Amino acid sequence: MLLTVVIFLPVLVAGVLLAARPPDRAAGWTWVTASAVELALIGWMWWRYDPGPGSTGVVDGIAYEVDLRWIPTVDAGYHIGVDGLSLPLLALTGVLFLACAIWSLREKNEPRTFAALFLFLQTACLGTFAALDLILFFVFFDLTIVGMYFIIAGWGHGNARRSALKFFIYTFVGSLALLVGFIGLFLGGEDRTFDMVALAENPPLADSPVAGGLVLLAIGLGLAVKTPLFPFHTWLPDAHTDAPAPGSAILAGVLLKLGTYGFVRIAMPILPEAWQRWAMVVVVLGVVSVLWGAFVALAQRDLKRMIAYTSVNHMGYVLLALGAAGLVGQADEEARTVATVGAVYQMVSHGLLTGALFLLSGVLWDRGRTYAFDRWGGLAGPAPVFAAAFAVAAFGSLGLPGLSGFVAEFQIFAGSLPGAPVATVLAITGILVSAGLFLLAIQRLLTGPLVVPTAAGADSDDGGVDPERGSAGHAREAATATLERTPTGTVTRMRDMRGPELAAVVPLLVLSVVLGLLPRALLDVIEPAATAVAQLVAR
Amino acid sequence: MSGDPGAEFLALLPEFLLLVGAVGGLLLGLWTPQHRQYRVRAVAVVACLASAVTAAIALTGPAMTVFEGTWAVDTVTGIVRIVVALAVAVVVVLSASAVRGHPRETEAYVLMLLGAVGTIALAASTDMLLLMAAFLLASFPLYALAGFAKDARGVEATLKYYLMGALSGVLMMIGIAALVLGGGSTNYAELAALLPDASPALTALGVIGVLAGVAFKAGAVPVHFWVPDVTAGTSPAMAAYITTIPKIGAVAAAFRLLAEPFAAVPLDVPLLVAVIAGASMTLGNLAAFNQTEVLRLLAYSTVSQVGYLFMVVAVATRTDLDLPALAVYLAAYAVTNLGAFAAVAVVPGARTIGEWATAVGRRRWLVVSLIVCLLGLVGTPPTAVFVGKLAVFTATWDGGLTWLVVLAAVNTVASLFYYLRWIAACALGAPLAAAPVSGGGDGARAAVVAAQQSVRTPAVVLHSAAAVSLLLGIGAGLWLSVALPA
């Protein structure tokens with residue numbers, strides 16, 4: 001019951017916001033309050049979470065479980081619950097949405113609808129993580145696409161509508177592939193059920209490798225588009241770059257996790273045989289994503305696009321680990337468990353750090369209406385707080401010890417090495433590249449002589465930022481930027497972060513440091529479930 | 001059973017109530033002044049509701065055939081009875097704003113009720129001759145409805161509709177003649193036993209002819225050419241009727257044909273139907289891509305929706321899930337499609353997407369309901385069509401037509417493009433209002449349209465349809481337990 005409240009409270013508040021039409025400021029604070037209550041409830045759930053001795057999650061020891069009949073004809077039910085895989089991600093969702101709520105207190109453009117959409121999206125995300133029924137999972141999974149589409153298209157900048165459409169089409173293709181795969185699981189099982197727990201206990205299609213492989217292909221395709229893995233990642237840079245800052249933060253921090261979470265929750269336990277057979281392909285795709293994401297990020301001249309590509313890189317690590325966890329012949333159970341733990345840890349860590357990075361890039365957009373590297377420089381002087389926060393997030397993202405990224409990546413590599421040594425070594429070079437690109441970004445943005453965008457420059461130089469964008473859009477943005485100018489001339493003032501901006505970003509970074517220094521709190525939750533996944537996939 | 005006329009009469013009570021509504025409405029209309037014609041409307045709605053209630057009660061009874069095995073009273077009939085009766089009630093309410101004060105207002109409602117009787121007969125008949133009669137009964141009221149406004153576009157559309165109908169009717173008669181010639185009976189049950197031994201050529205001719213007639217009523221490829229012209233040529237409420245009601249009966253009739261007389265013929269009839277389904281969804285979607293007129297867009301969308309409905313027909317009796325899938329998708333389609341047409345009826349003057357968006361402007365709830373209905377047609381959860389698509393895909397795959405499932409999934413993605421075009425125009429028009437959204441030609445007309453007052457009843461219908469679409473999606477289990485009592 002508590003879990004149901006947690007899932008549906010945001011959408012209820014959204015309905016109230018739309019129906020009651022409170023003043024803009026009140027709407028913003030209602031959103032913050034609702035998100036804070038959500039986080040408190042999730043915190044309470046975490047506090048009371050006690051799966052009991054010996055129970056592992058995934059197939060038993062699921063807490064806060066509710067199982068109601070929904071469509072009995074196809075045995076689809078409202079089955080939700082929490083275990084060591086979903087709890088960290090539920091908490092991550094709560095934290096990131098609260099950060100975005102605080103950040104958006106300054107939103108001027110239809111703040112009511114904006115808040116309502118985010119609350120709707122929060123319900124969809126929480127529901128996806130809590131779902132233990134394939135159809136329920138799909139319902140929430142699809143709703144996230146709808147919510148995010150309107151956020152990007154309505155509140156984005158640049159070529160927002162085109163990017164939003166691209167996002168919708170790509171991920172909708174993925175979700176339909178996922179649906180086809182789910183139907184395959186349903187028809188392939190002996191019990192004819194959509195229940196994930198029942199399917200994981202009694203995996204379908206175990207003795208038909210071709211059908212199992214095809215169903216895994218469909219599910220994998222659906223999740224890979226969402227994750228996104230190379231070569232299905234092309235929607236991501238556009239969607240991220242043109243989304244508003246909180247939209248990017250949620251897109252990267254939470255929505256991408258829906259894909260990787262689906263691999264751990266659905267593909268691995270329910271199709272163990274096929275996952276083992278194709279584990280090497282997953283590993284290779286993961287490594288290609290790692291390297292591709294890193295090198296393409298290195299080539300970007302736009303901060304937000306760069307961060308977007310590092311997401312491809314980071315999700316590649318997750319897939320490398322999950323693939324390695326399926327290499328049953330080559331690695332022992334302990335290594336495969338470590339890899340799985342690392343993958344889940346990486347999801348949380350990436351959510352916090354990339355969420356923070358995208359919000360920080362929103363500061364630049366707010367001040368100067370551009371993300372181009374060559375238009376910013378020496379920001380450490382006028383904006384020391386921004387510089388410090390950006391540096392912490394960047395170092396965390398490149399995997400510096402002491403931050404959560406290190407714990408995650410260390411476990412991923414340690415767990416993957418026995419099974420896939422060559423791939424792991426290749427992926428470690430990806431770390432070097434991403435270290436290089438983050439250092440380069442810090443150098444360009446924070447050090448050197450002060451450079452801030454000028455309105456005149458924004459007009460003349462728009463080709464350099466992104467050749468695809470129409471110049472009309474840029475002229476409009478430049479006109480808005482002039483509002484920020486000092487009376488003396490053409491220079492944008494670089495105000496440091498303050499108020500809501502600080503309150504949104506700093507907790508994310510603090511959490512990342514806490515998880516980097518005291519990983520036990522999170523590991524204790526993840527490990528039993530990860531062990532269960534590693535055992536289930538070895539069947 | 002056939003010996004007891006009282007019981008047979010009771011079995012047809014839902015149809016009888018519709019007929020009473022039609023005749024009673026006609027008589028009442030004769031003696032009612034022009035400005036009080038809402039009484040006739042009330043009679044029609046009450047008749048529909050009563051018919052639906054009695055149909056729901058009849059569903060709990062055992063399946064049987066009456067009138068010497070020509071009329072089946074079973075689950076399929078029951079589902080069609082309920083859905084058609086409720087849908088007609090909605091259309092009667094929806095059309096009120098368009099035909100209010102019209103000199104032939106009563107006739108519109110009466111024709112709708114008669115068309116409903118014909119549609120149910122189409123779904124219930126288990127005899128080729130009754131099927132033909134039902135085809136005609138479900139056709140003629142609709143010709144009159146299509147040309148109700150008597151304007152140039154309407155007359156042209158009616159003529160096209162009538163000619164296509166006549167052609168399909170003739171094909172159907174030839175088909176029935178061939179089946180009678182080959183099998184020696186018109187009864188479905190007897191044909192099912194006799195056709196396997198009949199001449200394959202005659203059987204093939206018969207199957208194709210009969211399916212052509214049914215496909216015409218359903219608006220499926222290749223006899224769909226009337227759909228866009230009729231839809232765009234008539235008023236939104238009539239278009240809602242013509243694209244929703246007869247399809248329900250036609251799909252059910254096709255389902256029954258494949259389940260009984262065509263089940264054992266030495267031809268791959270399921271494959272033929274699967275090809276019709278695939279062609280309908282694909283061509284409907286492709287044709288919808290470039291439509292800027294809302295009614296034409298919806299017309300092609302209904303052609304593609306019929307494709308999904310025919311998927312179930314193709315696997316009739318080949319899977320346990322055929323009936324649930326049919327029950328869910330028929331109801332879901334009716335609700336959602338009526339909602340979409342109600343959205344058009346809210347601003348009757350708006351022809352194109354741009355005009356519609358401008359006219360609705362910032363009335364947020366209208367846009368929200370439209371989004372629910374259009375995304376519902378795409379099949380986004382948790383709307384009713386999503387559950388329908390889930391059931392249809394599952395049933396089709398279970399019936400062995402995996403390629404059709406993949407084709408349908410691809411088509412679902414394709415359909416997103418044109419629905420999203422409409423959604424984007426009205427949901428996102430406001431934040432980007434500074435930029436010129438479309439070409440200048442639209443501007444003047446849009447202003448005129450915006451100045452018109454939009455109509456209230458259709459707005460209520462639109463909101464209700466959106467709500468029911470969501471509720472039916474979430475409560476799909478409940479609807480199935482009503483439609484298919486175990």
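**Close-up views of a predicted two-chain model**

View 1. With a relative accessibility of 36%, V514(A) counts as partly exposed. The model shown here and in the following views is predicted. V514(A) belongs to helix 20 of chain A, which covers residues 500–517. Together with V506(A), V510(A), L517(A) and L518(A), V514(A) makes a nonpolar surface patch of about 430 Å².

**View 2. The interface between chain A and chain B.** In this interface, 39 residues of chain B are in contact with 37 residues of chain A. The two chains bury about 3,400 Å² between them, and 79% of this area lies on carbon and sulfur atoms. Between chain B and chain A there are 4 residue pairs in polar contact, both residues being at pLDDT 80 or more. On the side of chain B that touches chain A, two or more residues each come from helix 16 (364–378), helix 17 (384–398), helix 18 (402–427), helix 20 (456–474) and helix 21 (476–483) of chain B. Helix 18 of chain B gives the largest share of that side, 11 residues.

**View 3. The salt bridge across the interface.** The count of salt bridges between chain B and chain A is 1. The side chains of R192(A) and D398(B) form a salt bridge, with an N to O distance of 3.0 Å. Over all chains, the whole structure holds 19 salt bridges.

**View 4. A salt-bridge network in chain A.** R106(A), D366(A), R367(A) and E501(A) are linked in a network of salt bridges. D366(A) counts as buried because its relative accessibility is 17%. R367(A) also counts as buried, at 0% relative accessibility.

**View 5. The salt bridge between D229(B) and R296(B).** The side chains of these two residues meet in a salt bridge of 3.4 Å, N to O. The pair links distant parts of the chain, 67 residues apart: D229(B) is in helix 10 (residues 226–233) and R296(B) in helix 13 (residues 294–314) of chain B. D229(B) is partly exposed, with a relative accessible area of 21%, and R296(B) counts as partly exposed at 22% relative accessibility.

**View 6. The salt bridge between R351(B) and E293(B).** The closest N and O atoms of this salt bridge are 3.9 Å apart. R351(B) counts as partly exposed at 37% relative accessibility, whereas E293(B) is buried, with a relative accessible area of 17%.

Key. Residues are numbered from 1 along each chain as its sequence is written. Chains are lettered from A and ligands numbered from 1 in the order in which they are written. This is a predicted model: local features need pLDDT of at least 70, side-chain atom pairs count only at pLDDT 80 or more; totals for chains, interfaces and linings use all residues. Side-chain values use heavy atoms; hydrogens and water are left out. Patches are made of residues with over 30% relative accessible area and no salt bridge: like charges are joined within 9 Å, nonpolar side chains (Val, Leu, Ile, Met, Phe, Trp, Tyr) within 5 Å. Accessible areas come from the Shrake-Rupley method with a 1.4 Å probe; for residues, only the protein chains shown count as cover. A salt bridge is a side-chain nitrogen of Lys or Arg within 4 Å of a carboxyl oxygen of Asp or Glu. Helices (H or I, at least four residues) and strands (E, at least two) are DSSP runs, numbered from the N terminus. Buried means under 20% relative accessible area, exposed over 50%, partly exposed in between (1.4 Å probe, protein chains only). Contact means heavy atoms within 4.5 Å. Buried area is the accessible area (1.4 Å probe) that two parts lose on being put together, summed over both. A polar contact is a pair of N or O atoms within 3.5 Å; within protein, one must be able to donate a hydrogen and the other to accept it, and residues adjacent in sequence count only if both atoms are side-chain atoms.
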